[in-house]
There are 4 protein chains.
Amino acid sequence: MQGRPTLATASSDQREKTRERILEAAAAVFADRGYHDALVDEIGDRISLSKGGLYFHFPSKEELFFSVIDRLANKLVSKAEKAAGNQDSSVDAASAALREVLFTLSRQKRLARILMTQGYSMGNSFAEKRTEVFDRFADVIQVHLDSAVAEGTIPEVDSRLASRAWLGAMNEIVVHWLYSNGPSPRECADDLNALLLRSVGAVSINESDSRS
Amino acid sequence: MQGRPTLATASSDQREKTRERILEAAAAVFADRGYHDALVDEIGDRISLSKGGLYFHFPSKEELFFSVIDRLANKLVSKAEKAAGNQDSSVDAASAALREVLFTLSRQKRLARILMTQGYSMGNSFAEKRTEVFDRFADVIQVHLDSAVAEGTIPEVDSRLASRAWLGAMNEIVVHWLYSNGPSPRECADDLNALLLRSVGAVSINESDSRS
Amino acid sequence: MQGRPTLATASSDQREKTRERILEAAAAVFADRGYHDALVDEIGDRISLSKGGLYFHFPSKEELFFSVIDRLANKLVSKAEKAAGNQDSSVDAASAALREVLFTLSRQKRLARILMTQGYSMGNSFAEKRTEVFDRFADVIQVHLDSAVAEGTIPEVDSRLASRAWLGAMNEIVVHWLYSNGPSPRECADDLNALLLRSVGAVSINESDSRS
Amino acid sequence: MQGRPTLATASSDQREKTRERILEAAAAVFADRGYHDALVDEIGDRISLSKGGLYFHFPSKEELFFSVIDRLANKLVSKAEKAAGNQDSSVDAASAALREVLFTLSRQKRLARILMTQGYSMGNSFAEKRTEVFDRFADVIQVHLDSAVAEGTIPEVDSRLASRAWLGAMNEIVVHWLYSNGPSPRECADDLNALLLRSVGAVSINESDSRS
DNA sequence: AATGAATGAGACTTCATTCAT
DNA sequence: GATGAATGAAGTCTCATTCAT
């Protein structure tokens, strides 16, 4: 608002770059330590940026954390939606979205940790954000379940409940993998997929061959 | 009932009584605030016990929290097992365990909050305890699913995965209720039950009538 | 003052015995940990006596510590005096007192630790007690040095200063042994003895043969 | 001089200045109260620096104490070495080092208290530091005694033992002054000097005249 | 004589945030 | 844009001492 006009664009670029670096570092630290145990200092240290510098870009630790969450959730939702979009049937779409998430989280433990558990360590102010993020994921699934019902591919179900149940099931598998070295989401993907499709009365292609 | 802790001390189990009072107060505070935001002072204040007195009974805030979790988890697991024991078929048993948990949590938000979310705020040292507690619940369900498979009531399934999925689904419903004022677990119980039974290939009695 | 008269003697005995046990335990703990780091609890634990029981016999941790010091100092001073008394000449007497202390401390690290260093950890209230104890030791030596001067065995010296210097020298040797695994006081006894005798103008018997 | 720390901050060595101020204040408080009874708060208060500010410069009370000791010991050792360096003979050098220490301590009770006694109140972790500091002082003396022996000025002696004995004698005189209002080290210097020189078989110039 | 639960003052340390430079 | 010294509010835990039994 008060910078030199000439440098506006160039510095605007730089600004965005620094923000990205901070978000990246913050994601790593938050994932490792959880919100509360993550130190603002440590985030700065990772990218050799002073605390003051960090506070220039983000007004508070809380805002920074939310920004990290939003950024990651956006990426993951996009992936899920894209995966769903490539399918022919609605059931396959829901199924594909689920698989995409499981596969992506399998590759990025950090992402999994931040989205699934580390937020809680923020205390009760996390509630709203969690709701927002999980609702978005639930929506992705619900949309396709609703279509499937409309198409008559699956019987009537409480699609809101079903999408939450799917999400919860997935969440538990992921957390069990993160916290107890359970099987990776990727390994469970087929079985879980079959299980969840069955729960809404669908029969997946995998049902007959992948895991007899 | 008011003032110093009753002063009828030194009976043989006064000690146990005080421990219980502490655990009760701690459960309330931890449920409200989460591990980290809970103050040891506040726990003491609730029962007019000095900090020192509290530390006489529990060596650290962390141990106190774990004790709270254990106590609550024990109660809940017992209830679930008892509910399951009253059923004729294995499928009904698993189903009953699930319902019992949903109903109990519906009545005790505090219990739900502590077991489902507030632990994470402790940081990474919570991992082990969470694993332990969730494994116990998963076991309760798995046992009955295994029986059902053995009886031929339901087709072969990865019962470990299924029990986790059930747990996760339930967890999500509960958290959604806690954090976003979603429908209470009790309200969802029938539908969720039907959904989860279907997921393992069983057909519940509810299937035909409860939700036409 | 108000006990049953008949039991007076018997219980008086018991009382003294318990006091001794406490003093013994306290000496051990204070020697190991220093005044401040010694816990009243730990002293009690050693002899399976509750804190309350301990406080029945001693009014405070501080008093207990002083009692320990007094008891040990008494023993050591007695030994030194006795050793000195067995000698013919005054110079030999002073010398013998010194040796006795060095030898005794060599055998009892605990004693050495308590008398030489651990008291300081009590804070400034230790000053008076230290003065008292060290003065007693200095007196033992000074008396004999004064006699030696009077006898003309050694030239005039500031015997007060000399006795303190002796004490200090001895103290340093002991502390160096305690803290840095230096040679034991016993090993140094002859050389130190020669050194200190020379410092007051005396020539010890050891001078010519023990260390040629 | 009043209010916030001068606000002319951020020159390159402002940091070092603050460190010095802290060390100065800490030396005063530790000397007065001993390690344990010294409050971190009081150190900060003396220089109007918040506790957090203090911890920015020193990671713990213990480290701060050690830094204080090191700083003071360095100064004193330097003085002693310099004083020794100005002398012609080795015996005079050792003697001069001793006198310098006695005189300096006489002028700075605080210094004396910290180096001689207050450290012990830290508990057993002080052992190592004490050893280190006293060894340095002993070295200063020993070096010159060794030279004197090599020169033939004094007979063969266990110079390690002798230097410790000297140190100990000096220490006792100082502590007696500090704790019991005994004569100041400065007053004792000549006599003590004579005594110690005699102990190693040297005859000082002072011998004949300073104390007729 | 002894127990041991309870007190309570207070210590050290942490860390998100600010702000002069 | 960035630095980093400084703030200050809190937080957990300790432990000598007391006192009802």
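Analyst: Helix 6 of chain A, residues 109-116, is mostly covered, with six of its eight residues buried (under 20% relative accessible area; over 50% is exposed and in between is partly exposed, with a 1.4 Å probe and protein chains only). The buried residues are L111(A), A112(A), R113(A), I114(A), L115(A) and M116(A). Helices here are DSSP runs of H or I with at least four residues, numbered from the N terminus. The model is predicted: local features need pLDDT of at least 70 and side-chain atom pairs count only at pLDDT 80 or more, while totals for chains, interfaces and linings use all residues. Side-chain values use heavy atoms without hydrogens and water, residues are numbered from 1 along each chain as its sequence is written, and chains are lettered from A and ligands numbered from 1 in the order in which they are written.

Elsewhere in chain A, K129(A) and D70(A) form a salt bridge at 2.8 Å, N to O (a side-chain nitrogen of Lys or Arg within 4 Å of a carboxyl oxygen of Asp or Glu). K129(A) belongs to helix 7 (residues 126-151) and D70(A) to helix 4 (residues 61-85) of chain A, so the pair ties together parts 59 residues apart in sequence. K129(A) is buried at 9% relative accessibility, whereas D70(A) is partly exposed at 25%.

A network of salt bridges links R130(A), D135(A), D139(A), R160(A), R164(A) and E172(B). Within it, E172(B) pairs with R130(A), the closest N and O atoms being 2.6 Å apart. Across the interface of chain B and chain A there are four salt bridges, and 15 residue pairs are in polar contact, both residues at pLDDT 80 or more (N or O atoms within 3.5 Å; within protein, one must be able to donate a hydrogen and the other to accept it, and residues adjacent in sequence count only if both atoms are side-chain atoms).

Conventions:
Helix = DSSP H or I, 4+ residues; strand = E, 2+ residues; numbered from the N terminus.
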